[in-house]
Amino acid sequence: MNIFNPTLGELVNTYNRASDSVSEFTDNVVDLDITVRVRLFGRSEDKEYEWKQLCGSHVQWATIGTDPPQIFGDLREVDGELFVNVVMLGHELLHVLRMKDKRLKDPDGYEGL
Ligand SMILES: [Zn+2]
């Protein structure tokens, strides 16, 4: 049950339109071949345990610059299927991409857009 209005799908579309409104097309190209370990946990205590082995502090969603880089995040369920927050996964994936190409804007700097 979604207690929010609009739905998540509508919010993604709204986010896409908002992203377009604050940016413009460019002549640049980003073409990266990356390896990333994505570690999503349905139980936060499992995620905290694994994260503390690497960093020793609390985490919600995060990226760590190991080799290969690792994304830590939450794994939930909707209607019996595994569910991932696409906004958070995209945010963390962009951190990984920036490790290879610093031309990409830091997603932590999106708050002012
Ligand atoms: Zn971030």
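Two strands are said to pair if DSSP finds at least two bridges between them, and the views below, all taken from a predicted model, begin with the whole chain before turning to the sheet that rests on this definition.

**View 1. The whole chain and its elements.** In this predicted model, the secondary structure comes to three helices and five strands, and from the N terminus on these elements run in the order α-β-α-β-β-β-β-α. Taken along the principal axes, the box that the C-alpha atoms fill is roughly 45 × 40 × 25 Å. Buried residues account for 9% of the 113 residues in the chain. Among the contacts between residues at least 6 apart in sequence, 55% join residues that are at least 24 apart.

View 2. Strand 1 pairs with strand 3 (residues 70–74) in the parallel sense, over five bridges, and R37 has Q70 in strand 3 as its bridge partner.

**View 3. Helix 1, in the open.** At 1.5 Å a residue, the 14 residues of helix 1 (residues 8–21) should span 20 Å, and this agrees with its end C-alpha atoms, which are 20 Å apart. Of these 14 residues the number buried is zero, so helix 1 lies largely in the open.

**View 4. The surroundings of V84.** The residue V84 is found in the loop between strand 5 (81–83) and helix 3 (86–100). A residue is partly exposed when its count of other C-beta atoms within 10 Å falls between the limits of 12 or fewer for exposed and 20 or more for buried, and V84, with 14 C-beta neighbours inside 10 Å, therefore counts as partly exposed. Leaving aside its neighbours within four places in sequence, V84 is in contact with L40, L75 and L89. The C-alpha atoms of V84 and G65, which are 19 residues apart along the chain, are separated by 21 Å.

Key: Residues numbered from 1 in each chain as written. Predicted model: local features only at pLDDT ≥ 70, side-chain atom pairs only at ≥ 80, totals over all residues. Helix = DSSP H or I, 4+ residues; strand = E, 2+ residues; numbered from the N terminus. Expected span 1.5 Å × (residues − 1). Contact = placed C-beta atoms within 7 Å.
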